[in-house]
Amino acid sequence: MNDIDMPLEILERTVTPRGEIQLQRRGDHFEIISNGTFLMATYNGESERLLVRRALELVPAPDKVLIGGLGVGFSLQEALRDPRVQEAAVVEIESKIIEWNRSVLARVNGHALGHAKTRLIHADLVAWIRETSETFDLICLDIDNGPDWKVFDGNASLYDEAGLTALQSRLRPGGCLSFWSATSSPDFARRLQEAFGNVETREVPQTHGDPDFIFYVRR
């Protein structure tokens, strides 16, 4: 029996300012649910890793990396595996997701949150990216379920013209910006093309369900 077919065990459910969030386990794997919508799991992490891995390939000197969305820690772990990375900053709004990454999820992501090169920023990425003056060689975003399928309406402004302008201002020359998406989002790909002049799209097949998509642009 595959883990996805195993009986479901709810480990914790809590209410946040953004609604209900739940951590659950199937066999040896974990899932995070937000307001009844599936967000992420530990059994299908290839696209979360590729979000960072391919971006690292596109940048000669990825000294400073920003990860938007901690999730189950796979994207952060991927950044930390590259010896060129000197700092991996990760922005996460949900205190429970941070707590779970320090406890039950730590063993599946190599204790990424406790790594010496990790800098945790407990904040709303949408607001933080507009307020910070920091710049990065890589900005890798796995926020909500992408531009077309949002659990929280407030995240929409990350993907519009103003949001892309804000992100571009935080990206160093020659840097790479990548986006995870649960859909192919042709309209978003067009906006990226208009803003950056180049878009690389990767389709990542899933064992169960539709493929994930990742978009990469360079400054």
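Biologist: Which side chains does a polar contact of 2.5 Å join to glutamine 24?

Modeller: A polar contact is a pair of N or O atoms within 3.5 Å; within protein, one must be able to donate a hydrogen and the other to accept it, and residues adjacent in sequence count only if both atoms are side-chain atoms. Here the side chains of glutamine 24 and glutamate 31 are joined at 2.5 Å. Glutamine 22 also has a 2.5 Å polar contact with glutamine 24, again between side chains. This is a predicted model: local features need pLDDT of at least 70, side-chain atom pairs count only at pLDDT 80 or more, and totals for chains, interfaces and linings use all residues. Residues are numbered from 1 along each chain as its sequence is written, and side-chain values use heavy atoms, with hydrogens and water left out.

Biologist: Is glutamine 24 buried or exposed?

Modeller: Buried means under 20% relative accessible area, exposed over 50%, partly exposed in between (1.4 Å probe, protein chains only). Glutamine 24 is buried, at 5%.

Biologist: What does glutamine 24 touch?

Modeller: Contact means heavy atoms within 4.5 Å. Not counting residues up to four places away in sequence, glutamine 24 touches several residues, including Leu8, Ile10, Phe30 and Ile33.

Biologist: Where does glutamine 24 lie?

Modeller: Strands (E, at least two residues) are DSSP runs, numbered from the N terminus. Glutamine 24 lies in strand 2, residues 19–26.

Biologist: How do strand 5 and strand 6 pair?

Modeller: Two strands pair if DSSP finds at least two bridges between them. Strand 5 (64–68) and strand 6 (87–92) have five bridges, in the parallel sense. Valine 65 stands opposite alanine 88 in strand 6.

Key: Helices (H or I, at least four residues) and strands (E, at least two) are DSSP runs, numbered from the N terminus.
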